[in-house]
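The following exercises concern the packing of one protein chain. Each consists of a task and a solution worked in steps.

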Amino acid sequence: MENEKGNKVYVHYTHTHPSKFYRWTARESFQFTYKRPWQRVLDFYSNLVTWRCSLSELLGIKDLSPQTHPIHDDGEIVEASEKTEFGNVLTKDRGGRWARLTFKIVLSYHGASFDGWQKQPGLNTVQSLVEASLGTFVDEKKAQKLKEKCLPVEGNAIVAGRTDKGVTAFQQVCSFYTWKKDVKVQDIEDAINGAAPGKLRVISVSEVSRIFHPNFSAKWRRYFYIFPLNDWEDGDQNIESEIDVQKISFDEKYGEHGSEHDAEFNGGEDSDNLIFDDDDEFESRKKPSTFSISRVDQLLQQLEGKLLSYKIFARDTKASRNIGPPTECFVFHARATEARLQSSNDGEGTKVMCIELVANRFLRKMVRVLVATSIREAAAGAEDDALLKLMDATCRRATAPPAPPDGLCLVDVGYTEFDRQNCFIR
């Protein structure tokens, strides 16, 4: 529905937009995504961080593995930097400000063990642990300044992308620089690895060009989302059979008042992003209780190769970043497939949906909102271009509440041109 006020057109979202079935409301979407066996996903990511399993094994891929095919090539980073006007400074004849050493640190950490990346008072964050570990390698001049200001002697870690609380990272990239001459790569690795064994792990440390910046030098970022299915869900909804879907009320599956996550729903991190519908007509209607993974894949593929504004899929962004280029992202790859998490307690394992997203940049909570909205639209049997049509909306109630952070993982960050052959889901 469109309302005109002056010369400006406001596009509003309603649950009657073209679809096979009735869409879930914000409350119902939240219930559907949160009431799941998330602990199995957390256990998998814990093993991923310690390299007891891999994404390749999860998807049954034998010819692609980050362990055997490193994504981060320091040689390529240095080579790219040397093409700039300052590249020739990376020599043994450095002096002044160019005398500082810059290290690229690739980290892996378990999201459920931390309160996100960014340092915050009184919280257990990855940045606070990393910078405290780097304090040993701060040069004397900077250390003296920190002491004069009664500040702790800590290093300054610049990251490729901040992750929210609960989000895991497999190959997060950060950098650290110092004017101290006797810093060894192995010493940095040992210092960080001792901060939180089993939860925070260094994959590699290397010296790179001073020009290297983890965020601004990156050309793409890859996220992976694992969405567990309940026992009664097979991930293969037949949207041609409306009778089968209409037989089961949504509340019969997921309860009238929600799930074990009601506390978070009523005042947690994502509660501010929820907008409830006052129309009881939609609440009382029969709605789908499952969705098709292949349908999610079809919806996501429509985003590939397009530069679009994803402001409608963002959350907690500043007003100045809600319009124009700051909201535009180019999605290289967006796919979904079915897999199975193996468990020692369950011979068959847990059936899951895996989503792989690769883009030049991502907005705040964009991946989680995109995942939840794709599931909602797939369950409703929406048209192939449903996600593209949502881009025109002017209110974020058009999209679903963010999916749980438990399923999200920052896989890696690329500093060379994107190669689709390196994707897990093809």
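**Exercise 1. The nonpolar cores**

Task: Identify the residues with the most contacts inside the largest nonpolar core.

Solution. The largest nonpolar core comprises 92 residues, and those with the most contacts inside it are Ile105, Leu107, Phe224, Ile226, Phe291, Tyr310 and Phe313. Its largest share, nine residues, is contributed by helix α13 (residues 366-380). A separate, second core has eight residues, including Ala160, Ala218, Val413 and Tyr415. A nonpolar core is here a set of buried Ala, Val, Leu, Ile, Met, Phe, Trp, Tyr and Cys residues joined through side-chain atoms within 4.5 Å; buried means under 20% relative accessible area (1.4 Å probe, protein chains only). Helices (H or I, at least four residues) and strands (E, at least two) are DSSP runs, numbered from the N terminus.

The model is predicted: local features need pLDDT of at least 70, side-chain atom pairs count only at pLDDT 80 or more, and totals for chains, interfaces and linings use all residues. Residues are numbered from 1 along each chain as its sequence is written, and side-chain values use heavy atoms, with hydrogens and water left out.

**Exercise 2. A helix pair**

Task: Describe the geometry and the contact of α12 and α13.

Solution. Step 1: the axes of α12 (residues 293-301) and α13 come within 9 Å and cross at roughly 120 degrees; axes are lines fitted to C-alpha atoms, for helices over the stretch in contact, with angles from 0 to 180 degrees between N-to-C directions. Step 2: α12 is therefore oblique to α13, given that angles under 35 degrees count as roughly parallel, over 145 as roughly antiparallel, 65 to 115 as roughly perpendicular and the rest as oblique. Step 3: Arg295, Val296, Leu299 and Leu300 of α12 meet Leu370, Ser374, Ile375, Glu377 and Ala378 of α13, where contact means heavy atoms within 4.5 Å.

**Exercise 3. Arg221**

Task: Determine whether Arg221 is buried or exposed, and what surrounds this residue.

Solution. Step 1: Arg221 lies in strand β7 (residues 220-228). Step 2: its relative accessibility is 10%, so Arg221 counts as buried. Step 3: beyond four places in sequence, Arg221 touches residues including Asn215, Leu357, Phe362 and Asp412, as well as Ala160 and Val413.

**Exercise 4. Helix α5**

Solution. Step 1: the buried residues of α5 are Val126, Gln127, Ser128, Val130, Glu131 and Ser133.

Conventions
Buried means under 20% relative accessible area, exposed over 50%, partly exposed in between (1.4 Å probe, protein chains only).
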